[in-house]
Amino acid sequence: MTDLTADEARRIILRAQGFLGAGSRTGGVPAMLRRVGAVQLDTISVLARSHELIAYARLGAVGRSAIERAYWHNPARAFEYWCHAACILPLEDWPLYGFRRRAYRDRRFRWHEVPPIVDKVLEQVRADGPLTTGDIGGARVDLRASGTAEAAGWWDWSDTKIAIEFLLDIGEVVCTRRVGWRRVYDLAERVIPEELLAGDLPDAEGVTGLTRIAGRALGVATRADLVDFTRVKGKYAALLDDALLSGAAGLVPVHVAGWPLPRAGRGAPASSAVPNAWADPAALESEPRGRHRTTLLSPFDSLIWERARAERIFGLSHRLEAYVPKDKRIHGYFAMPVLAGGRIIGRVDPAREGTTLIARQVGFEPGGSPAKAVAAMSDALWEAASWVGCTDVRVERVSSPALEAPLRAELAR
């Protein structure tokens, strides 16, 4: 078993995630997607949508069209499916998700009961696809006239939307392209290469493969981190445990100082001599070296998407406040942590007004050099502004009064 300090683990994680060292930038967006294993999707768009911010955070001011081509291209190089959440995934990973597709097929329910028209929708895609939800009858139905309390003033999925999403869940259709923000659905047999389509793996092999990907992408991870990445539970979580303990996942046990210990078995005390994490052995072969990225991070970035992990690695207590009432927000609607020198040095709640990037609120984390933090915050804001086509940066509020004047002066240089 390898012993790691918390700082060593943090640096391994940063390199694995593509934030440390020049090698992480080779291969552009397609290589970045394979490195992180899954890019989470979300509807919120501030400076850009989150899936664009993931690539930008690692690669710098990469062209946004290059990001779109890497995710939604023809022929397909990626597909959308359920991993940590709704994610963009490398196309070659299609066979690994067979266990999840089979589970959805057996359950025949996720958020809604599957409507009787599902077979009709599949035949429509077969005859006329690729199609958007608009082509098959619309995504939503207005429930305001239904008289139900929960529906008043709200919208819900139409039967055709429920049907097409179920078909996506079970792998009959697939989304490998978007028009605007609308999914384009087509038959999996027309889009997924035959060798991948025919290669669905047994449950244990699929979970093992995803565990391997999660471990490689995260660098160093607890069992909880791996479960969160893959979102397995029940018998599938047991398969993940088997893959770890048998070595089939290809990850090795490590002990990270200061990380929580696993719960001890009955009558056995927890001990620092037992592993409390797992690591990609390739990540342990050399010391992480190179230049650190200075960048804004989407709250949905896999570096920080799990709150307990972000706090363990960076001491960052962060939550998305987009759905928190405005008067109860602390850091802002879409506060983005700022990474610099391998640490989180602050947060920015960004917006855009014409060609001006607006920092509605800037906050700095305690510790470290205030001068370095101010310079890094300025660099992060200006690079982000340039990437989205802004020529000016305006700060509205700085929650650290002592650093307000230095930051404004640094931004004006």
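1. Strand β2 (residues 39–40) and β4 run antiparallel and are joined by two bridges; strands here are DSSP E runs of at least two residues, helices are H or I runs of at least four, and both are numbered from the N terminus. Two strands pair if DSSP finds at least two bridges between them. Q40 stands opposite C87 in β4.

2. This is a predicted model, in which local features need pLDDT of at least 70 and side-chain atom pairs count only at pLDDT 80 or more, while totals for chains, interfaces and linings use all residues. Residues are numbered from 1 along each chain as its sequence is written, and side-chain values use heavy atoms, with hydrogens and water left out.

3. Strand β3 (residues 78–82) also runs antiparallel to β4, with five bridges joining them. F79 has L89 in β4 as its bridge partner. Three residues lie between β3 and β4 in the hairpin that they form. Strand β4 (residues 86–90) is mostly covered, with five of its five residues buried (buried: under 20% relative accessible area; exposed: over 50%; partly exposed: in between; 1.4 Å probe, protein chains only).

4. Voids were searched on a 1 Å grid over the protein atoms alone: in a cavity a 1.4 Å probe fits but cannot get out, whereas a pocket is an open set of points with protein on both sides within 12 Å along at least five of seven lines, and lining residues have an atom within 4 Å of a point. Grid points are joined across faces, edges and corners, and a volume is the space filled by probe spheres set on the points.

5. The second largest pocket holds about 550 Å³ of space. Of its 16 lining residues, R100, Y104, R107, R231 and K233 lie nearest the centre. Helix α5 (residues 98–107) supplies the largest share of this lining, five residues. By class the lining has ten nonpolar, one polar and five charged residues (nonpolar: Ala, Val, Leu, Ile, Met, Phe, Trp, Tyr, Cys and Pro; charged: Asp, Glu, Lys and Arg; polar: the others, Gly among them).

6. One cavity of 30 Å³ or more is found in the whole structure. The largest cavity has a volume of about 80 Å³, and its lining includes W111, H112 and W157. Helix α7 (residues 159–169) gives the most to that lining, four residues.

7. F314 lies in helix α13 (residues 307–314). F314 counts as buried because its relative accessibility is 14%. Leaving aside residues up to four places away in sequence, F314 touches R10, L14, L303, I304, L339, G342, R343 and I344 (contact: heavy atoms within 4.5 Å).
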